[in-house]
Amino acid sequence: MNFEVMETEHFLFHCYKSDCDIVSDIATMVEEKVLSVSLVFSVPPLGKKIDYYICPDVESFIQLSGVMRDSYESWMVGNTDWDNGRVCVISPRAVTDRSPADMYKVIVHEAVHVVMDSFCNPKDLPLWLTEGVAVLFADQTPETLDPEQAPLISRLSGSSFASLGGYKYSGAYVRHFLELYGADVLKKILTGEASADGYIAEGFEKEAAAAFMNRCK
Ligand SMILES: [Zn+2]
């Protein structure tokens, strides 16, 4: 595969020549969000730069991301593989069902994941937390959330996460958690020193969605 390499503070972006302009456009945004998340959670410096592939098509995404061909679904456009120190997204040019602006957010989302994964163990954490942090910092929460439809955190696990609205609501849940308890408590949970269970009171999900809707009033 004919990847060119473009270097930023935290990443080595690998992209086809036809996508170099995309990397130039998003590099500043990605680094700004990485700085925000690093400041909020006092993330230790990364030991080395992370390889970030902008895959020119689905085929190269499957080959490079480690996503199994059989389990690939068309909504999967980004993947973080910390074991191999590699992030992959499909080029915004090769994705037809999302706008370039949405794909730029996906690129930030995966960058946030890899930075957070460098000091937490994502496999031991609830999805609403790991996904919620990435959704929150990538500004992927939709404009409108319905508190009455907010899914219960206890149900947001495994394969039902996406179908129950996990991606839609989890950023607002993390945002509300930060408002209530602060980044230090959240960091303890993310690093496995504490559990989130004791902090999630009944009605938290509705409250979080309502607080998100009130944010600009
Ligand atoms: Zn994610």
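**Exercise 1. Work out how the donor residues of the zinc ion are spaced in sequence.**

Solution. This is a predicted model. The zinc ion is coordinated by His-109 (NE2), His-113 (NE2) and two OE atoms of Glu-131, at 2.0 to 2.7 Å. The spacing of these donor residues reads H-x3-H-x17-E. Now place the histidines. His-109 and His-113 both sit in helix H3 (residues 100-117), four residues apart, so about one helical turn separates them. Check accessibility: His-109 and His-113 are buried.

**Exercise 2. Classify the geometry of the zinc ion's site from the angles among its four donor atoms.**

Solution. The angles run from 52 to 147°. A tetrahedral site needs all angles between 85 and 135 degrees.

**Exercise 3. Classify the ring pair of Phe-177 and Tyr-199, then locate both residues.**

Solution. The structure holds 16 aromatic pairs. In this one, the ring centres are 5.7 Å apart and the planes meet at 65°. Planes over 60 degrees apart count as edge-to-face, so Phe-177 and Tyr-199 form an edge-to-face pair. Next, location. Phe-177 belongs to helix H6 (residues 166-181), while Tyr-199 is in the loop between helix H7 (183-190) and helix H8 (204-213). The pair therefore ties together parts 22 residues apart in sequence. Phe-177 is buried, at 0% relative accessible area. Tyr-199 is partly exposed, at 27%. Both belong to one aromatic cluster, together with Trp-128, Tyr-169, Tyr-173, Tyr-181 and Phe-204.

**Exercise 4. Find which residue lies over the face of Phe-212.**

Solution. Arg-215 does, at 3.9 Å from the ring centre.

How values were computed:
Residues numbered from 1 in each chain as written. Predicted model: local features only at pLDDT ≥ 70, side-chain atom pairs only at ≥ 80, totals over all residues. Heavy atoms only, no water. Donors = N, O, S within 2.8 Å, 3.2 Å for Na, K, Ca; no water. Tetrahedral: all angles 85-135°; square planar, octahedral: opposite > 155°, others 65-115°. Helix = DSSP H or I, 4+ residues; strand = E, 2+ residues; numbered from the N terminus. Buried < 20%, exposed > 50% of the residue type's maximum accessible area, 1.4 Å probe, protein only. Phe/Tyr/Trp six-rings, centres within 6.5 Å; stacked < 30°, edge-to-face > 60°. Lys NZ or Arg CZ within 6 Å of the ring centre and 35° of its normal.
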